[in-house]
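Subject: Handover of the two-chain model

Dear colleague,

I am passing the structure below to you, together with an account of what came out of going through it. Please look at the coordinates first and then read on.

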Amino acid sequence: MVTFILNNELISTGKPTGSSLLDFIRYDMGLTGTKTGCREGDCGACTVLAGSLTGSTVVYRSTLSCLMPLGNAHGKHIVTIEGINTGHLSHIQHAMVDNGAIQCGFCTPGIVMSLVAESASARTTTAESAIAATAGNICRCTGYKSIRRAADAIADAMREKDTADPVRWLVENKQLPEYFLTIPERLASIPGLTETEDSGIMIAGGTDLMVRNADELAESDIVTLYDRKELKGIRVEGGRCIIGASVTISEAGESETLKKYIPEISSYIRLIASEPVRNMATIAGNIVNASPIGDITIILLALNAEVTTGGSRDSRTLPLRELFLGYKKLDLAAEEYIRCISFTYQPEPALFSFEKVSRRTHLDIASVNSAMHVVMNGDLIAGCHLSAGGVSPVPLYLEKTGAFLTGRPVSAEIVLQAYEVMQQEISPISDARGSAEYKRLLLRQLILAHFLKLFPEKINLSTVQL
Amino acid sequence: MNNPEAINHSTGSSNYLDDIPVLKNTLYGVIFGSPSAHGKITGLDLSAAMDTPGVHRIFTRRDIPGKNDIGGIISDETLFAEDEVHYRGQPVALVVADSEHNARKAARLIRIETDELEPVTDPRLAKEMGHLLIPSRTFRMGNVTTAWQECDYVIEGRADCGAQEHLYLETQGAYSYPADNGSIMIHSSTQSPTLVQRIAAKVLAVPMNRIEVDVARLGGAFGGKEDQATFVAVMTALAALLLQKPVKITLSRGDDMRMTGKRHPYNADFRIGLTSDYRIKAFSTVMYQNGGAAADLSPAIMERTLFHSTNAYFIPNTEVTVHSCRTNLPPNTAFRGFGAPQGMFVIEAAIAKAADELKIPARIIQQANFLRDNDVFPYGQVARDVNIGKCFAELDRVFNIGQLEREIADFNSRNTLYRKGMALMPICFGISFTNTSMNHARALVHIYQDGSIGISTGAVEMGQGVNLKLAQVAAGLFSVDPARVKIETTNTRRVANTSPTAASTGADLNGNALLIAGNKLIERLKDVAGQMLGCNPGDIALHEEKVFRNGAPTDITWEKLVRETFLRRVSLTENGHYATPVIFFDKSKEKGHPFAYHVYGTAIITVLLDCLRGIYNIEKVLIVHDFGNSLNPDIDRGQIEGGVIQGIGWMTMEEVLFNSRGRMLTDSLSTYKVPDIYSAPEILECRALETEGPGPAILKSKAIGEPPFMYGIGAYFALQNAIRSFNPSWKPDYDAPLTPEKVLMRLYNNK
C-alpha cells in the first residue's frame with residue numbers, strides 16, 4: 001500500500017505504484033484544480049508540491065504530478081491547489097489576480113503551486129527566483145509580462161520571510177492553512193514502503209519513463225529508487241567526487257561540493273529542464289535514458305566520469321563513455337542499475353565549460369550541447385575532455401578532438417584545426433531538432449564558445465573569421 | 001472591478017470541461033486516427049479492439065444515423081473517414097470503454113489496411129495538380145498592369161510563413177449525455193456552441209431543439225476551438241445517443257496536435273513597384289494557402305487575407321490572388337488574426353526587400369505609404385477615422401525612433417559577437433466577421449426579484465475577459481454594484497442561433513445586444529419608478545443603486561424598485577438583438593463595406609542577437625495602439641501582451657514540421673516550442689492613442705483580441721536586420737519562422 005498525506009488527509013491506496021499521481025489526484029480523489037496539460041512535463045499545469053520529511057521539518061519542492069509514479073508519493077506530503085486555500089486569497093493568489101496574470105486560468109493553479117513552492121523554500125524569495133520557479137509553466141494567454149509583475153509583488157510580500165522556517169512563517173502569516181504545522185509529525189509515523197527487487201520495473205524520478213511507458217506503467221507496480229538513502233548524497237572520497245544515482249538535478253545544482261569545482265554549475269543547471277523536472281529527475285536517470293543529447297551525461301562525459309553498478313549482479317565500475325553501445329543501447333543488464341557516478345575532484349575551480357543551444361533557451365532539449373574540461377600545464381593543454389550531444393547516436397565523447405588539442409597551446413588557429421578533427425568524429429542526422437548541417441555548424445560554434453569563455457585573452461576573434 | 005473569474009481560477013475552483021463531475025456509468029472515448037496521410041481503406045479490423053476488457057462499442061461511419069458531414073462552410077468533411085483517408089490522424093473510429101485507459105489500449109489494437117496514395121503537403125504542388133478547396137479569388141484596385149510602367153523600381157520576391165499550433169492549454173474535449181424526450185446534452189469546449197448544435201443535429205438526425213450545448217469556459221482557444229471542437233463534441237453526442245449513456249472525450253495532447261488543424265502556412269510570390277519618392281505605386285501577389293484536407297474555415301480565412309494584404313498602406317494599384325489549396329494535412333483552421341497575419345507578412349516582406357535593394361531602412365517606405373482618411377481599400381471601403389499616422393507620430397514622439405536607430409547602429413559598430421536589430425510594424429485590422437450575415441448577437445437578461453442580475457449571451461469566455469466586460473457593461477448600465485451581476489454559461493437553450501465567439505467581435509456584438517436588452521428594462525423600471533413617485537419617467541434616473549428624480553436621490557433603492565416592478569407584474573426579463581449596422585459585401589464584385597471599423601497601431605521591436613550561437617532575445621516592444629475608449633485597460637493590456645508574444649512565437653520559434661509522408665514531426669510539447677517566461681520581451685510598453693472611439697465598438701472601446709498578434713511580425717524583420725549587420729553578404733529571404741537554426745545558418749551563409 002502506498003501511504004501519503006494528500007493535503008490534510010492521510011491516504012492509503014493499493015493502486016499500481018507505477019500509475020501517475022495526476023490521475024489519482026484528479027480522477028480518484030476528484031481534486032480537479034490540478035490540470036492535465038501535456039503529460040510529459042513540458043507545461044507545468046499539473047504542478048503540485050511534494051514535501052519530504054528531512055529531520056524534523058518538511059522540505060517542499062514543486063513536482064509534476066503527471067510524471068510522478070504513485071509509488072514515489074509514499075511517505076510524502078502531496079499538496080494540490082485545494083490544499084493551500086485558506087478561505088481568503090494568499091499574497092501569491094492576490095498578486096496573480098491583481099496584476100492581470102490570469103486569463104483563461106487553465107495554467108493558473110500550476111503557476112500558483114510553483115510560486116508556493118518558491119515561497120516555502122529556504123531561500124530568499126526575489127522577483128528573479130519567483131520567475132525562475134515558474135519557468136516550467138507554459139501560459140499561452142498572458143505573454144508572461146503580467147506574471148513577471150506578479151513576481152515583483154510576491155517578492156515584496158515575502159521580504160520578511162523567515163528562511164529558517166519558511167512553512168511556519170507562511171502559516172503564521174495566514175499564507176498557508178494551519179494543518180501544515182501538523183505534517184512533520186504525521187509523516188514521521190508513516191512506515192517505509194515494502195517492495196521487492198523483482199516487483200516491477202525500476203524507476204527513479206520517472207521523468208522519462210512516465211512519458212514513454214505511461215499506459216503500461218498505469219497498470220504496473222514498480223521498484224522505486226528515488227528515495228533510497230544509499231543512492232542519495234554527494235561526497236568526496238580519495239580525490240574523487242561520488243554522486244549517488246538518485247541525486248536529483250536540483251540537488252546537484254545546489255551542491256556546495258560541486259560549486260567549488262564548477263562554480264557556474266547552477267547557471268548550467270538552469271539550462272536543463274525546469275525547476276519541477278529538476279526536482280524529480282535524477283543523475284543516473286539522465287544517463288540510463290541513453291538519449292544522445294542528455295545534458296547531465298554530456299557534462300559528466302567531459303568530467304571523464306565513471307559509473308558503478310548495483311543490483312543482483314556483481315558490482316562493476318566502468319568509464320561512462322563505455323556505457324553507451326549504440327542508439328539507446330547500454331552496457332547494462334536488466335538486473336543492474338547505476339549505483340553511483342564518480343570523477344576526479346578538487347575543491348577549486350576547474351577549467352570547465354558547458355554550452356547548450358536549443359530552439360528555446362529554457363525547458364527545451366538541446367539541438368546540440370557540449371562540455372569541455374581542460375587541464376593546463378603552463379601554456380600547453382595537458383588534458384582535454386570534450387563531449388557533445390546531438391551529433392551521434394550516443395552522447396559523444398570526442399576522443400580524437402580532445403587528443404588533438406592535448407599538448408598544444410591555446411590559440412585561434414588550434415581551435416580551427418580542432419574543428420576539422422571534430423567534423424570527422426561526429427555523424428549528426430537531420431531531425432526535429434535541426435538539420436545535420438546545422439548541428440555541424442553549431443558544434444563548431446559551441447567549441448569556440450568554450451574557448452572564448454575559458455581563454456578570452458588567447459582567442460583573437462579576427463583570426464577565427466566569424 | 002474585481003474579476004470573479006480570475007479569483008476562482010487562482011484557487012483552482014473553476015471547472016473546465018474535464019473537471020465537470022461525471023455521472024454514474026460514464027464511458028470514455030478515444031479516437032482512432034488514420035496512420036496514413038492518403039490512401040484507400042481496404043480493410044478495417046476492429047475484432048481485437050472489441051475484445052479488449054471494458055470496451056462497450058466502436059463507432060465508425062456506418063453507425064451514423066444522419067449525415068456523415070461536419071463541414072461548417074462547405075460539406076467536404078466527414079466525422080469518420082469514408083472509403084479514403086486524406087490526412088494522418090483523420091478520425092476513422094471511436095472506441096468507447098469504461099475508462100480512457102481501456103479505450104486507448106483498444107484503439108491501439110485496431111488494424112487498418114490502406115492502398116497508399118501519394119500525399120501532397122506542398123500547396124504550390126497542390127495548385128499545380130488542381131487540388132483547390134474552393135475557387136480562387138482576386139481583389140483588384142486600379143490597374144497593376146499599366147502601373148508597373150510608372151514605377152521607378154520594381155522588386156519581386158517570395159515570402160513563406162509556417163503553420164502555428166494553437167496550444168490552448170486545455171485540449172479539445174466534450175461530455176454528452178442523454179436527456180429527456182430524446183434530447184442530448186452536450187458540454188463542449190467550443191467557441192461555437194451553435195455550430196456544435198447544428199452539426200450534431202445533422203449527424204444524429206434529430207432537430208436542433210433536441211440538442212442542448214452548454215459552455216462554461218475554455219482553457220484557451222485562439223480560434224482552435226471555433227470549428228475544430230465540433231468533431232469531438234459530435235462524437236460524444238453520437239455515442240451518448242446510441243449507447244444511451246454519458247460519454248466523455250478529452251483528447252490527449254498528442255492526439256490533439258496530430259488531429260487538429262493549425263494556422264495556415266502560406267507561400268507567396270510578390271511584386272512591388274515604387275516611385276522615386278518611395279511611394280508604393282503597385283503591388284501584386286499570388287498566395288498559396290495550405291488548407292489541409294478539408295475546407296473547414298479556409299474560405300473565410302482566405303477572404304481575410306485578401307482584406308489585409310495591403311496592411312496599413314494605401315496602394316493605388318493592387319492585385320491580390322489567393323489559392324486555397326487542398327493538401328494531405330489536417331484541415332487548417334482559425335487562429336488569432338485569421339489569415340490577416342499571413343497577408344501582412346507578405347506586404348511587409350515586399351517592403352523589406354524593396355528597402356534592401358534601395359539600401360534604405362524599411363521604415364522610410366512604410367512611413368511614406370500610410371493610409372489616410374478617404375483613401376479606398378482594395379475592397380472598396382472608404383477609410384474613415386484612420387489613425388495609423390497618428391499612432392506612428394505618437395510612437396515617434398514618445399520613444400524617439402531616430403534615437404533608437406542610432407543607439408542600435410552604435411551598438412553594432414562596437415560589438416562583434418552581439419548585434420541588435422530593429423523593425424517597425426504597423427497594423428490595420430478590420431473589425432466584423434467578413435461574412436456579413438454572422439454579425440449579430442442576442443442577450444437575455446433576467447433581473448431577479450432580489451435585485452440580482454443574470455445575463456446570458458452568445459459570448460464564450462476563453463480568457464479574453466468578455467465576461468468581465470459584459471458584467472461591466474451591465475453594472476454601468478443599471479448603475480448597480482458589479483457583485484449583483486452574474487454572467488451565465490453560454491447555452492444554446494437560453495441564447496439560440498449564435499455566431500462563434502471569434503473575429504475579436506465577442507464584446508462588441510454581445511455587449512451591444514446586452515445594451516439593447518438592458519435599455520428596454522431600464523425603460524420599464526423607470527416607468528414603475530415614475531408611478532411610485534407620481535412623476536414623469538423622464539425625470540427618473542438610476543444611479544449607484546438608487547432612484548434619482550430630477551437629479552436628486554429618493555429613498556427608492558435598486559432592490560425596492562425591482563421588488564415593486566415584480567409586484568406590479570412588469571417583466572424583469574428582456575432579450576436584446578443586435579446586428580452591426582452599415583456593413584455589406586458583394587462577392588460578385590469583391591467590393592463593399594465589410595468592416596464596422598478598423599483598429600490601428602504601430603510597434604517598434606528590437607532584438608539582441610548572439611552571433612556566436614545564433615540565439616536571440618527580444619529586447620523591446622514599444623507600441624502605440626488605438627484602443628478607442630478602452631472599457632477595461634487591464635484586460636486590453638493583457639490582450640496586447642499575450643497577442644504580441646504569440647505573434648513573436650509564430651515568427652521566431654514555433655515550427656510545425658511534417659515529413660514528406662504527411663507525418664507530423666512536432667506532435668508534442670517537447671518538439672513544438674512556444675514562448676516561455678524567459679522568451680518574453682524584456683520591455684513591453686504599450687501606450688494608448690487618445691481617440692474617441694468608433695460608434696459600433698462596445699461603448700466606443702475597440703475590439704482587442706486579434707490585432708496585437710500582428711505586431712509580432714516585426715520580430716522577423718528586426719532579427720533579419722541584426723543578421724544583416726553581422727553578415728552583410730547574406731541576401732535576405734522571407735521564410736518564417738526565423739528559428740535559431742535558420743538564424744545561425746544565415747549568420748554564416750557565404751562566410
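Five residues of domain 2 of chain A are in contact with six residues of domain 3 of chain A, and on the domain 2 side of that meeting the residues divide into three nonpolar and two polar, with no charged residue among them. Please keep in mind throughout that this is a predicted model.

Chain A as a whole

Chain A contains 19 helices and 18 strands. Its radius of gyration is 23 Å, close to the 23 Å that the globule rule gives for 466 residues, so chain A is as compact as a globular protein of that length. The C-alpha trace of chain A spans about 65 × 50 × 40 Å along its principal axes, and buried residues make up 56% of the 466 residues in the chain. Among the contacts in chain A between residues at least 6 apart in sequence, 66% join residues at least 24 apart.

Where the chains meet

Between the two chains, 61 residues of chain A are in contact with 63 residues of chain B. On the chain A side, the elements that give two or more residues are helix 2 (91-98), helix 3 (108-119), helix 5 (145-157) and helix 18 (436-454) of chain A. Helix 18 of chain A gives the most to this side, with six residues. Sorted by class, the side of chain A that touches chain B has 31 nonpolar, 20 polar and 10 charged residues.

Chain B as a whole

For chain B the secondary structure comes to 19 helices and 30 strands. The radius of gyration of chain B is 27 Å, close to the 27 Å that the globule rule gives for 751 residues, so this chain too is as compact as a globular protein of its length. Along its principal axes the C-alpha trace of chain B spans about 80 × 75 × 50 Å, and 60% of the 751 residues of chain B count as buried. Of the contacts in chain B with a separation of 6 or more, 80% are accounted for by residues 24 or more positions apart.

A sheet in chain B

Four strands of chain B form an open sheet with mixed pairing, in the order 16-27-28-29. Strand 16 and strand 29 (683-688) of chain B stand at the edges, each with a single partner strand, so one side of each is left without a neighbour in the sheet. From one strand to the next, the twist averages 15°. Strand 16 of chain B runs antiparallel to strand 27 (residues 597-610) of chain B, and 14 bridges join the two; R419(B), for instance, stands opposite L609(B) in strand 27 of chain B. Helix 18 (residues 713-726) of chain B lies across strand 16, strand 27 and strand 28 (615-625) of chain B, and it runs at about 155° to strand 16 of chain B.

Backbone points to check

As background to what follows, most residues other than glycine have a negative phi, and most peptide bonds are trans. S432(B) has a positive phi, near 145°, and its place is in the loop between strand 16 (418-431) and strand 17 (440-447) of chain B. With 25 other C-beta atoms within 10 Å, S432(B) is buried. V582(B) also has a positive phi, near 75°, and belongs to the loop between strand 24 (573-579) and strand 25 (584-586) of chain B. V582(B) is exposed, with 11 other C-beta atoms within 10 Å. Finally, the peptide bond from A736(B) to P737(B) is cis, with omega near 5°, and P737(B) lies in the loop between strand 30 (734-735) and helix 19 (740-747) of chain B.

With best regards

Conventions
Residues are numbered from 1 along each chain as its sequence is written. Chains are lettered from A and ligands numbered from 1 in the order in which they are written. This is a predicted model: local features need pLDDT of at least 70, side-chain atom pairs count only at pLDDT 80 or more; totals for chains, interfaces and linings use all residues. A residue is buried if 20 or more other C-beta atoms lie within 10 Å of its own, exposed if 12 or fewer, and partly exposed in between; C-beta atoms are placed from the backbone. The radius of gyration is taken over C-alpha atoms; the globule rule is 2.2 Å times the number of residues to the power 0.38. Two residues are in contact if their C-beta atoms, placed from the backbone, lie within 7 Å. Ala, Val, Leu, Ile, Met, Phe, Trp, Tyr, Cys and Pro count as nonpolar, Asp, Glu, Lys and Arg as charged, and the others, Gly among them, as polar. Two strands pair if DSSP finds at least two bridges between them. Axes are lines fitted to C-alpha atoms, for helices over the stretch in contact, and angles run from 0 to 180 degrees between N-to-C directions.
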